[in-house]
Structures are given as structure tokens and as C-alpha cells.
Amino acid sequence: MSSSSKRTVQGLQYVMLALCCLAIVAMVACGDSSPTPPTPTESPPAKETATPEPSPTPPLEPTAIPTSAPVTSDPVTSDKDALEALYESTRGDGWTSNENWLSDSPIGEWYGVTTDEDGRVAGLTLEGNFLAGRMSPELADLSNLAVLELGDNWLVGEIPSELGRLSRLQKLDLSENKLNGQIPSELSNLDSLEVLDLHENELAGEIPAELGKLSSLTELDLSENWLVGEIPAELGNLSSLEALNLSQTGLTGEVPAELGRLSALKELDVSETALTGCVPETAADLSAAGQASCDPREALIALYHATDGPNWKNNDNWLSDGPLGEWYGVTTEGEGRVIRLILGENDLKGEIPPEVGYLTNLRRLELYSNNLTGEIPPELSRLSNLVGLALPGNELTGSIPAELASLSNLRWLYLNDNQLSGTIPRELGNLSDLRRLTLWGNRLSGEITPELGNLSKLDWLYLSYNDLTGEIPPEIGKLTSLSELSLLENDLSGEIPLELDNLRNLTLFHFQGNQFRGCIPESFVNLVAIVGPSCAELDALAVLHDVTDGSNWRNNDNWLSDAPVGHWYGVVTDDTGRIIKLGLGANGLKGEIPSELANLVHLTELDLQGNLLKGAIPPQLGELSDLEILGLWNNQLSGEIPPELGKLKSLTHLHLNHNQLSGEVPMELGNLSKLETADLQGNLLTGQVPENLAEIANLVTVEPSKETMEALRALYGATNGPDWKKSDNWLSNEPLETWFGIVTDGKGGILKLALGENLLRGEIPPELSLLTTLTELDIQGNWLSGEIPMELSNLSNLEVLGLWGNQFSGEIPSELGKLSNLSRLHLRENQLTGEIPPELGNLSKLIWLGLGDNWLIGKIPPELGKLTNLTHLDLSENGLAGEIPSELGNIPRLVDLFLYDNELTGCVPESLRYIGQGRATDLGLLFFCGDVAADNE
């Protein structure tokens, strides 16, 4: 505080003092007794351990007008006056014990007072006695005082500089008060002082260098104050000092080497400060206090003991008296300084000790592929010469220390394959010389910090297999030196920024296993190990949707949405995210087939049968070199069969039957050496079939099996088939492909049964289980009743089961948990009862589970948390009870979660906070568990 600020504070104090005096006079005039100071009801607040800022001296309500002590020649009387001044300034009438104080008894009988043989005050011990107020400067008149103990009270204001006159004082304890201001430099005059304890106050400013003159001092405790600046090097002159505590202060700078002269020192605590460096190795043997030594040998010994050195795979010469360069894994330079420590794959177990941070000449630190646990010590930031840090393949936890950003010479940082959590520190963007950064295989969360775009020399960036969210920062596009970028298996979203097109040196780009929308920039398509659909592929799907009346398709779930393209209805992607199948059979497509489908270059199966498509077959489909199955049957296609289809060298099944195709069968189809089936029946074709095609070409209808016909007849009879809204060709002799709602595989088997919103009434016959080739059963939006047959569990190929919007009753069959290929289960808007079968948690491919608007009861099975591919879960409008299982937070791709209108209790697990709209009320409860915990703190 400046001198002008001090004068301002003092002026305010004098004004308050005068006002208090007037109040006292008024109260006496009214017959009241003198005011009693309020009794404190709380302990002093805990001190901040970060860089402290001193607060102004708090004003104090005086109890009397201070007066100067009367001049007297009697030392005992002078001591008594000094004690009375202390009593008055610290509200003695409110002390816990004030026996005999201000009485006529000898002062040696006053509570806490000790006198010598001359009756002079030698000791004053009033610890924990509720002294409240300022220390009186008259204490300096106790010239024989040897012990002054006023700790654990409510003393405020500054330490009187007059105490420096107590030449016989041996112990001064003012700890655990609320004293502020600076430590008086006059205390350095106390030549006899052995103990100075000022801990846990609000003292500010720097430690006076003059304290280094206290040659008799054995204990100095200044901890838990708001001290700033550096440790004075003069403290190294305290030759008798045995204990020094400077912890929990705002001290900065390095521990001065002069402390190495404190040969008597036994205890040293500089924890929870901003001090850097290490304790001088010659200071003392401080290992018991856990202090780091500047001696590199001590740092290596600490590593050995902390990581089970005796059981290392190789520990040759460790702990020996030989040169450090002869210890296994240690490399030294000419002057014996340790420059490399390489102990990879050496069976180290335990935590990395902070002492490693004092190997300040280290250039490489490699502790990879061990069994190290615990957190990465922030003390490693002291390794200012470090070029490489490799800690992968361990079990390290905690966050990545932001302090590592101070390693300005670092070129590679390998922290992958651990259990690190928290966010990627934005400070890492300051590592301007970094070439390789690998953080994959951890539990990192939050967004990719855009500051990584500052790493202009970066060659590798591996962030895969974490829990990262948000979008790829466009700043990554500034990393023009980048050759490898891997982001796979996170929860990233948004579009791939166009700025990444600037990465012309990129040879590897991994990003599958995220929630990206949009497409891959065209310049990326030919990259090594590229994954996901290209912009041309997504454009092809958009065109198909637009020209075939996509808004009125029977099912267009997720089309043209931000959902991953593999979640669009009928679109299948492989493990790399490439579009390999397009299955839109019997889906109400109208219009012509667009030639843009030729851009789906990885397509192996194209199924558009059973729609209302017309026009010619685009010859561009002959460019789909990976195509194995082409199903266009049962449409209204016309024109000739394009000879370009003869270029489909991978084609095994060709289904063009039941259209209006004309002309001759192209001779080029005879070149399809892998073709197993060519179904061309039901067209207007003329001429001869190519010789190589004659044996496999199906020109007549394949008869369905007896079991298939039995199942269809049973369904038609049990659900009032004659009154269906539409039942074209049912139970006729026409090919099954022409029966309304049926999609076949061209070999007599049924793939899809689509009879939704078709006025079906009655119960589902168990004979439907005979349709073993069925992949989709859609009978939603009808008037079906009764129980769901457990026999449906025999449909092992079933991918979609749509029963919603009916009147089904009874329990959900647990046997449905056997449908291992099921991706969508729609049971919403029925009258189903009982509990949710936990067996549904076995449906590992399930993307959509809709059980809402039923009469279900019981608890939500935690087994649903195993549905790791689930994006939509609807359990709303039931009678479910109990708490929301935390296991639902394990579903990484969950986007929609509906739990409202149930009887759920408790709070919403914190892991579900950002699902859907991110509101607890949308999930049927009022609070997130994290909010409740915060309110209880």
C-alpha cells in the first residue's frame, strides 16, 4: 500500500473513531452501559493459496478513546499500564478468561501473565482467549518480556513496529489471527529471538531481508499469509535455523541457493507457492519432508524408489557410487550432466516423482510402455532443455498439465495410450517447435482447442480414441506441414472445414467413428486411409431424393439431415464410412433413376425394386465397378438394357424382371464372368440371350416355397385381408414381386413386408416366423391387437421391426433380444404392459428403440446402456419408476432421449446433460445430479 493510501485509511479510521466516541457519550447520557463488542460466531475464512492480494486494514470499533500511557519511573507500574492498554484495545471484558485482570492483585496472578523475581512481566500467554482488536504498541514497554504468545485470537491491524524494542524476547507467536500489513523490519532487532511464528494471518508484502540478522532464530513460520516476492537470500544467514515454513503464500522466483548454508535445517516447507527451482542439495537431508533436491543423483534415486526400481527389467548400476552415465538408461555429457533418461519397456511401476523435474539438463525423457500410474507431474515443465517427452503405453491419469507449454524446445510429445482426462490445454499451442503430438487412446474430453493451429511445424497430430466433442477447428487448416491427422472414434460433429483443403502435404486422414455431417472435400478423396462419403456421393443421394419424390417416400428417416449417412434409411456404410449399400426397395420412389448414382463408387448393392420408377436405366451405372447386386425389378422402367452394364465385372446378381424393358439383351452381358443370376422375366425383350448368359438367365418366375406361401396366407386370413386398403395380387398366381407390399430376393424369398397404414385388423399369426429371409417387417399404423408373437424371434435376418401405432397388448417378448441383426425396433403407441425386458440390451446393432406411449412399468433396465450404436431412445408416456440408470450415459451416439410422462425419481445423471435439448425437464425430472451436488456444497 502506498503512503497516500495509508493516510487515507488512517483518516477514515479517525473519523470512525470520533463517531464511536459520540455514540458512547450518547449512550451513557441515556443510562446505558458502555457498548459490548459483538462476539464472533465463525472461524476466520480459509486463506487463498493462489497468488494473494492484500486487503485493506479492516476498521475496528473502539471501546474507548486511546490515551498515552502515563510516565512513571516504577517498572512494575509501567508493566501494569502496558497490560491494561492491551486489555482495553482487545476488549478484555469479552475474553474467554480474564481472571484478576485490572484488579489490585499482583500482575503475576493475572491470567496468562508470568513474572520474574523482580515482579516484571516475563511471559504473556493468551492463546485462544478471544482477544478481539488491535495489538497495543504499549506492549513494547514490557522490557523484560521473553515470551509473547497471542496466537489463535481475533487480532486485527498491523503488527506494532515497537515490538522491535523487546530485546529479551525469545518467542513471538502471533499466529492464527487476522493481522495484516507488512512484517515490521524492526523485528530484526530482537537479537534473542528463537521462535517467530506468524502463520495464518493476512500479512502482505515481501519478507523483510533484515530478518536474516536473527542469528538465534531456530524456527521461522510465515506460512498461510499473503506474502509476495522472492525468498530473501539473507535468510541463508540464519545459522541456527532448524525449521522454515513458507508454504501457502504468494512467493515466487527460485529457492535461493543461499539456503544451502543452513546446516542446522531439519524441516523445510515451501509447498503451495509459485516458487520454482529446487532445494539446494547442501541445505540438509530433507527427504523426510518430501522436498526436491537439486542434486541429479537424488532425483534419479527418487525415481528408482517411486517406481519399484529393485524389480525393473534392467537396473544395472542404479544406486551405485559409479558415474551416473553408467546407470542403465542414463546418458550424461562431458561434464557429467544428465541429458537423456530412457527407461522404456523396463517394468517401471508406480508414479513419476516430481523430483524428475529437477534434471534440468535433460533433453530426452522416455518412460514409455511401463506400468506407471498417477498424474503427470507439472514439475516436468522445469525441464527447459527437453526436446522429446515420451510417456505412452502407461496408466497415467489426471489432466495434461498446462505447465508443459513452457517447454519451448520440445519437438515431440507422446502421451498416447494412457487414461488421461480433462481437456486439451490450449497452452500447448505455444509449443512453436513441436513436430509430433500424439494424445490418442485417452479419455480426453471437450473441444479440440483451436490454438493447436499455431503449431506451424507440426507433422503428426493424433487425437483418436478419446471423448472429444464439437467441430474440427478451421485453424487446423493452418498446419501446412501436417502429413498425418487422426481423429477417429471421438464424438466430433459438424462439417469437415473447407480450410483442411490447405493441407497439401497430408497423406493420412482418419476421422471415422464420429458424428460428422456434410462430406469430404474432393481433394481428400484419394488420401491414404481416407474414410467417409465424398461430397460427390452425398450429392448423388440428394439428387436421388429430390427426383424420386423423397419427401413422400414410405420411409425417409434422417435423409438430408445432419445424422451420419449410415443412419439414413436404406443406406449402409462399411467400417470406414464409405457407402456400400443402398436399399430402398418398395419405398414409394417415383420418377427416373438419376445418372448421379454412378458417383457412389464404392457401392456393392443397389436395390430400388418394387417402386414406381420409370424411364431408362442410366448407362452410367456401368461405372460402379464394385457393384455385386443390382435390383431394379418390379418397376416401370422402359427402353433397352444398357450395354454398359457389361462393364460390371463384380456383378453376381442382376434383377431387371417385371419392368417394360424392350429390345435385345446386350451381348456385353455375356462378359459378366461372376454373374450367378440374371432375372430378366416379365419384360418386352426380343432376340436371343447371349450364349454365356443362357444358363443363368431366369426368364420364368421362381416359385416361392411352401412355407412362404403358408405364412402369407395366414397373415392375409388373420388380418382381414379382403378389407385391406390395398391388396393388389394377394393370393393370386402372379409373381410375389407383384403382390402389394412385398419385396423379394429374386429367388423366391421375401426380404421386406411393407403393409403399414393398410387397415389390417386382428392378430399377427405366428406363421410369420416362417419368412426366414425377411429383413424388414413394417405393419405400423393399423388396427392389430393381441400379443406380439414370441415366434418373431426366429426371424434371424430381421433388421427392422415396425409395429407402432396399433393396439398390441401383453408384455414385450424377451425373446426379441435374440434378433442380433435388428437395427430398428418400433413399438410405440400400443397398449403393451409389464417391464422392459433387459434382454433388449443384447441388440448390439440397434440404432432406434421406440417404446413410448404404452403401459410399461418397473425400472429402466441398466442393460440398455450396452446399446452403443443407439441414436434414438423413446421410453416416454409410460408408468416407469425409479431412478434413471447412469448406464444410459455410456451410449456414445445417443442424440434423442425421451423419458417424460413417467414416474421417475431422483435426478438426471450428469452424463446425460447434453443429450437432446440439454434440459432436465425434457427427461422427466427437474434437476441434473451435478446441479444438486453443487447446491449441497
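Arg-828 and Glu-829 meet side chain to side chain in a salt bridge, 3.7 Å from N to O; the term covers a side-chain nitrogen of Lys or Arg within 4 Å of a carboxyl oxygen of Asp or Glu. Glu-829 is partly exposed, at 34% relative accessible area (buried is under 20%, exposed over 50%, partly exposed in between, with a 1.4 Å probe and protein chains only).

A quick word on the basis: this is a predicted model, where local features need pLDDT of at least 70 and side-chain atom pairs count only at pLDDT 80 or more, while totals for chains, interfaces and linings use all residues. Residues are numbered from 1 along each chain as its sequence is written, and side-chain values use heavy atoms, with hydrogens and water left out.

The whole structure holds 15 salt bridges, including these:

| Pair | N to O distance |
|---|---|
| Arg-828 and Glu-829 | 3.7 Å |
| Arg-824 and Asp-557 | 3.4 Å |
| Lys-457 and Asp-433 | 2.9 Å |

Arg-824 sits in strand S51 and Asp-557 in the loop between helix H4 and strand S32, so their contact ties together parts 267 residues apart in sequence. Arg-824 is buried at 5%, whereas Asp-557 is partly exposed at 25%.

Lys-457 and Asp-433 belong to a salt-bridge network with Arg-411 and Arg-435. Here Asp-433 is buried at 15% and Lys-457 partly exposed at 39%.

Then there's the sheet: open, 7 strands, parallel pairing, in the order S3-S5-S7-S9-S11-S13-S15. Strands here are DSSP E runs of at least two residues, helices H or I runs of at least four, numbered from the N terminus, and two strands pair if DSSP finds at least two bridges between them. S3 and S15 stand at the edges with a single partner strand each, so one side of each has no neighbour in the sheet.
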